[in-house]
Amino acid sequence: MIWLLILIAAALTVGGIFWLGRLPVAARPLAGAAVMLGLTGYALQGSPALPGHPVAKATEPEGFGEAITDRQQGMANRFGPAAQWIGMSDGFMRTGKTELAAQTLEKGLDRYPDNVDLWVGLGNALVAHGGGVMSPAAALAFDEAAKRDPSHPAPPFFAGLAMAQSGDLKGAEAVWNQLLQRSPADAPWRPDLEMRLAQLRQAMGAGLPPESPAGP
């Protein structure tokens, strides 16, 4: 049945080329040979009778991916002058258009070059565009955000997240531990940070050096 459908499709293709496409008579043998060549190649290598098999999406470490497209954890100003750029970028991120997300934030930075949220968002977009890898450009964006406001929690949080996704678990642990030490007890991002830090330390296992005492 499948081969019958293939032959019908080939016949319709040839008919369309010859008559609807008004192909010159001299060129028709060449076009017919091209169609037959395609059918021959499919007959040798194709497997139309095999059942379909959906491709599974590659998984990433549990708990380390959600925050890349969710920056509402008490860290971003959703109503400031840069909110429209962040909103547009988040929309592109959710649909997988990471390059457009980064370009949108770059345009926002042209108008608000000292906005921490825009720099952090640019770092996130560049990490996502790189397949979850901390690139030099993404690291630079996080550094620029930290320079604008050293007390802001977002730059170290997302820099650590990108490090963890890239496999630099020790670097992520160091950055997140410093952020945890200076975070207020009632900070809205603290529970999520503590959970991720615990997951990170569990993943590191015995390779993690013991914590130093908090005081004398």
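In this predicted model, the largest nonpolar core holds 37 residues, and Leu122 and Trp176 touch the most other members. Such a core is a set of buried (under 20% relative accessible area, 1.4 Å probe, protein chains only) Ala, Val, Leu, Ile, Met, Phe, Trp, Tyr and Cys residues joined through side-chain atoms within 4.5 Å. Among the elements that give two or more residues to this core are helix H3 (83–94), helix H6 (136–148) and helix H8 (169–181). H5 brings the largest share, eight residues.

| Pair | Axis angle | Axis distance |
|---|---|---|
| H4 (98–111) and H5 (116–129) | about 160° | 8 Å |
| H7 and H9 | roughly 25° | within 12 Å |

H4 and H5 are therefore roughly antiparallel, while H7 and H9 are roughly parallel; angles over 145 degrees count as antiparallel in this rough sense and those under 35 as parallel. H4 passes H5 in a left-handed crossing, and the crossing of H7 and H9 is left-handed too.

Contact here means heavy atoms within 4.5 Å. Between H7 and H9, it is made by Phe157, Leu161 and Ala164 of H7 and Asp192, Leu193, Arg196 and Leu200 of H9. By class, these are five nonpolar, no polar and two charged residues. Where H4 meets H5, the contact residues include Leu105 of H4 and Leu122 of H5, and they divide into 10 nonpolar, four polar and two charged.

Residues are numbered from 1 along each chain as its sequence is written. Because the model is predicted, local features need pLDDT of at least 70 and side-chain atom pairs count only at pLDDT 80 or more, while totals for chains, interfaces and linings use all residues, and side-chain values use heavy atoms, leaving out hydrogens and water.

Note on methods: Axes fitted to C-alpha atoms, helices over the stretch in contact; angles between N-to-C directions. Helix = DSSP H or I, 4+ residues; strand = E, 2+ residues; numbered from the N terminus. Parallel < 35°, antiparallel > 145°, perpendicular 65-115°, else oblique. Left-handed = near helix turned anticlockwise from the far one by under 90°. Nonpolar A, V, L, I, M, F, W, Y, C, P; charged D, E, K, R; others polar. Buried < 20%, exposed > 50% of the residue type's maximum accessible area, 1.4 Å probe, protein only.
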